[in-house]
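User: I am new to this structure and would like to go through it with you. Could we begin with the ligand?

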Amino acid sequence: MHNIGSYDERAKNFSWDISEKELGYQPGDNINIGWYCTDRICDMGKAEKTALIWEGLGGKHKQYTYNDLRLLSNTIAGFLTSLGIVAEDRVCIFLDRIPELYIGFVGILKTGAIAQPLFSAFGEESLIVRLENAETKAIITQKKHLGKVRKIVDKLPYLKHIIVVDDPGKAPLQQLEIAFDMDNAERLEHYEVYPTKAESPSVLHYTSGTTGMPKGVKHVHYSLISQYLTAKWVLDLKENDIYWCTADPGWVTGTSYGIISPWALGVTQCVNDIGFSADAWYSFIEKHRISVWYSAPTAIRSLMKAGDEVIKKYDLSSLRHLASVGEPLNAEAVIWSDKVFGLKFHDSYWQTETGSIMISNYPGMPIKAGSMGKPFPGVVSAVVDPESYEEINDTGKIGLIAFRPGWPAMMRMYWNNEQVYKAKFNNGWYIPGDRAYIDPEGYFWFVGRDDDIINTGGHLVSPFEVESALLEHPAVAESAVVSKPDFVNMEVVKAFVCLKPGYEATPELNLEIMNFIRKKLSPLAMPQDIEYIPNLPKTRSGKIMRRMLKAQEWGEEIGDTSTLEDD
Ligand code: 6R9
């Protein structure tokens, strides 16, 4: 039997009390995610159960029990406290997917500080805007990323500590830097977990905006109530599961469902830091007998591309439930997974801002391939008119997805940006910025984003950030950045560039600009294609018509061009 039982029954009689009761939480109690993920599981008699199985390149392997998690997160928390980190300080984690990332996250939460995970492939520019905005006090990183941090440290007056988790060896530590060796540090049996309450801040994730700089999405410890129950009902996690979430904790899926919920449920989870290849992934599943797998459409399409033959080399019979998030999951991918694994990927839809799964296909509920499924029980959702924000009652009519605020994991604020936060609400709805329609049976079908943000391989990239970075290149006079179609990543970044006088569009310049963005921002933000044009299409008021360039890339109707500048 699935954890959710019957979706229809659950949806009829829902209250978040179900989750609060299972977690032994009562309104007004202390609630600390770090404690829930470690001490509580040990108190429940699972201290010796495996919490984390980790694999790195070159056959590296580490394994930790829940008691190890408890002690090591205490040790990290104690270390941070000894440095003077106090509640609500922002502590950034800038690490590859190594155990210190996962256990460090929990340790930070135990101190009452706010965990700020950043994707380790970020370049200096991506890093600086996020650290500056959050006024981050400490950053936990590793030797290979220290160079990027050192380059920007002088520009960050709030930064007081740079914690290096793999001893920097030859390079002597510089100002603010301090080494911390988790596996060999003295294990702290007792650490007084900070008495955070429901509304105490927990995690700060940065997400790309359409026009401005990235926004810090502030979550609170009470988010656990949503994350726990959605993981239980959507991912169907059970006592004996071996779970693999393929997302990086630099993004919200990797924390909500790659750290918090599996550990709060006391499940064994596997993590690897070995990159992608079909063989490596299938062999990981086979070796660890993974039963529940939460992944993303880009990964699924890459596996489809690798073909069906490779699957036959592996015993994947341990798999019992598959789910996906981050971008549209094509019907073909669902049909393919059913054919090759005998299991359908269950799509789920949510955002950094929502903190937990909002719309999903549930175990036991019939799947319509290509649909995102139905709202999580208790979540009031609709499709609304983009002008009036009134609910659209005609099935099949496209509008904006809307949620009635009130679920526990909802963001509480954009860091230092109340104005943009407020603009996300209208007529009593929270508006995520995506378009969809609802069919007669209540299934949601994703249509597209309602803004210019590029979703490449499930990662959001702001055209504004890429355009700003391009402007810093000496050859670039002006640019417009849009998405272009791609089989695996669904969308990739394409830049239209106007060069300054004296520069010529050569293959060398092309590579140089691509590398410039890769280093400054990240490999995700790097344009896969640059087209040089003499002028950008603009409106009469001078706004770049990205819409037109994008339509051209996607082979769509260009639409109304009456506001275009006459040439
Ligand atoms: C969890 C996460 C959120 C945006 C979201 C939407 C897109 C997410 C989707 C999906 C189609 C799905 N998105 N899930 N689009 N089908 N199942 O991905 O958070 O990084 O904030 O991205 O991703 O556009 O608004 P985040």
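User: How far is the ligand from an N or O atom in the side chain of Arg449?
Analyst: In this predicted model, an oxygen atom of the ligand is 3.0 Å from such an atom of Arg449. A polar contact here is a pair of N or O atoms within 3.5 Å; within protein, one must be able to donate a hydrogen and the other to accept it, and residues adjacent in sequence count only if both atoms are side-chain atoms.

User: And what about Thr352 and Ser348?
Analyst: Thr352 places a polar side-chain atom 2.5 Å from an oxygen atom of the ligand. For Ser348, a polar backbone atom is 2.7 Å from a nitrogen atom of the ligand.

User: How much of the ligand's accessible area does the protein cover?
Analyst: The protein covers 97% of the 540 Å² that the ligand has on its own, with areas from the Shrake-Rupley method and a 1.4 Å probe; for residues, only the protein chains shown count as cover.

User: Which element gives the most to the shell?
Analyst: That is β14, with three residues. Elements giving two or more are α10 (252-264), β14 (345-349) and β23 (444-449); helices (H or I, at least four residues) and strands (E, at least two) are DSSP runs, numbered from the N terminus.

User: Changing topic, how is the protein divided?
Analyst: There is a domain 1 (7-339) and a domain 2 (454-554), with bounds from an automatic or database domain assignment. Their C-alpha centres lie 32 Å apart.

User: How many residues are in contact between them?
Analyst: 26 residues of domain 1 are in contact with 20 residues of domain 2, where contact means heavy atoms within 4.5 Å.

Definitions and conventions
Residues are numbered from 1 along each chain as its sequence is written. This is a predicted model: local features need pLDDT of at least 70, side-chain atom pairs count only at pLDDT 80 or more; totals for chains, interfaces and linings use all residues. Side-chain values use heavy atoms; hydrogens and water are left out.
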